[in-house]
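Please look over the sequence and the structure before reading the points below.

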Amino acid sequence: MKTGLVLEGGAMRGMYTAGVLDVFMENDITVDGTIGVSAGAVFGCNYKSKQIGRTLRYNLKYSKDPRYVGLNSLIKTGDIYGVDFCYNEIPNNLDPFDVKKYQENPMAFYAVTTDIETGKPIYHLCPKGDNTDIQWFRASASMPLVSRIVEIGNKKMLDGGISDSIPIYQFRKMGYEKNIVILTQHNGYRKKKNNTIPLVKLKYGKKYPNLVHTMEIRHEVYNRTLDDLHKMKEDGEVYIIQPKEPITIKRTERDPEKLKALYEIGRREGLEHLENVKKFLI
């Protein structure tokens, strides 16, 4: 039976996931495959490269750097997260991503993006961790309205969370029958209708109506997925880890102390789940 790990996104809420994953790495928790959405892809790739602490390290060091994130980057480049700095300078020079370890790790790693022409998700296997794969991670995390469209080959893409925030159904179809799911919203959370839809229609409506439709119904799909997840949990098919309390930081939080505090919550709660996770994976 193949074991899997499903990582929800949520921008800087992903610091919670980073804390849990560091605990997993420190305690040799391994699975056959991982699928990450948005921050789940950008931060989760460090789980395959076995770089404990890397997500925390570069976020604390550069969170207030205008090259990393902010209105200045959005105005100048069209991306609230600076593309060259985040996806070139950091992984290639400032805090190198360990491509060799990534490739040596037999665990499969998938990034989820949204095809803006169809409005459907793309589940892309990222086997090398090279600059091409990093562009897939970027596409997975490119939030609508504040990011440029990412083009790879003949695909035009944005944030994977638009079309499949928690890709449990797809992973099960791929043969991963026993899955740990790390969510970045607390138990009891329900997604509300997106209040930016008028802006979405204005920016994307004429050229990409399927994208707009997918965003209009996203909350309905998300909430149905949550309902199904909890049924799967009752049946012993998934193990869910999620914050005990609501996460209150902003999606683009830049305060290092708040980022560190959320990471520590992830670590603490990851440790609380550790023995049960080990039993679940047996």
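Predicted model: local features only at pLDDT ≥ 70, side-chain atom pairs only at ≥ 80, totals over all residues.

The side chains of D79 and R148 form a salt bridge, with N and O 2.4 Å apart. D79 is placed in the loop between α5 (71–77) and α6 (83–94), while R148 is placed in the loop between α8 (131–140) and β5 (150–152), so this pair ties together parts that are 69 residues apart in sequence.

**Salt bridges**

- Of the two partners in the pair described above, D79 is buried, at a relative accessible area of 2%, whereas R148 is partly exposed, at 39%.
- A salt bridge also links K155 to D115, where the closest N and O atoms are 3.8 Å apart; K155 belongs to strand β6 (residues 155–159) and D115 to strand β3 (residues 108–115), so that parts 40 residues apart in sequence are tied together by the pair.
- K155 counts as partly exposed because its relative accessibility is 32%, and D115 is buried because its relative accessible area is 7%, which falls under the 20% limit.
- R67 and D65 form a salt bridge in which the closest N and O atoms are 2.7 Å apart; R67 is partly exposed, with a relative accessible area of 47%, while D65 is buried, with a relative accessible area of 14%.
- The count of salt bridges in the model comes to 13.

**The largest pocket**

- The largest pocket holds about 900 Å³ of space, and its lining is made up of 33 residues, of which R13, K191, N194, R218 and R251 lie nearest the centre of the pocket.
- Helix α12 (residues 218–234) gives the most to the lining of this largest pocket, contributing 3 residues.
- Sorted by class, the lining of the largest pocket comprises 12 nonpolar, 12 polar and 9 charged residues.

**The second largest pocket**

- About 370 Å³ of space lies in the second largest pocket, which is lined by 21 residues, with S163, D164, T214, I217 and V221 lying nearest its centre.
- The elements that give two or more residues to the lining of the second largest pocket are β4 (121–125), α11 (209–216) and α12.
- Helix α12 gives the most to the lining of the second largest pocket as well, here with 5 residues.
- By class, the lining of the second largest pocket divides into 8 nonpolar, 9 polar and 4 charged residues.

**H219 in helix α12**

- H219 has its place in helix α12, the helix that gives the most to the lining of the largest pocket and also to the lining of the second largest pocket.
- H219 is buried, because its relative accessible area of 15% is under the 20% limit.
- The side chain of H219 reaches the backbone oxygen of E216 at 3.4 Å.
- When neighbours within four places in sequence are left aside, H219 is in contact with K191, K192 and K193; one of these, K191, is also among the residues that lie nearest the centre of the largest pocket.

Conventions
Residues numbered from 1 in each chain as written. Heavy atoms only, no water. 1 Å grid on protein atoms, 1.4 Å probe; cavity = no way out; pocket = protein on both sides within 12 Å on 5 of 7 lines; lining within 4 Å. Points joined across faces, edges and corners; volume = space filled by probe spheres on them. Helix = DSSP H or I, 4+ residues; strand = E, 2+ residues; numbered from the N terminus. Nonpolar A, V, L, I, M, F, W, Y, C, P; charged D, E, K, R; others polar. Salt bridge = Lys/Arg side-chain N within 4 Å of Asp/Glu carboxyl O. Buried < 20%, exposed > 50% of the residue type's maximum accessible area, 1.4 Å probe, protein only. Polar contact = N/O pair within 3.5 Å; in protein donor to acceptor, adjacent residues only side chain to side chain. Contact = heavy atoms within 4.5 Å.
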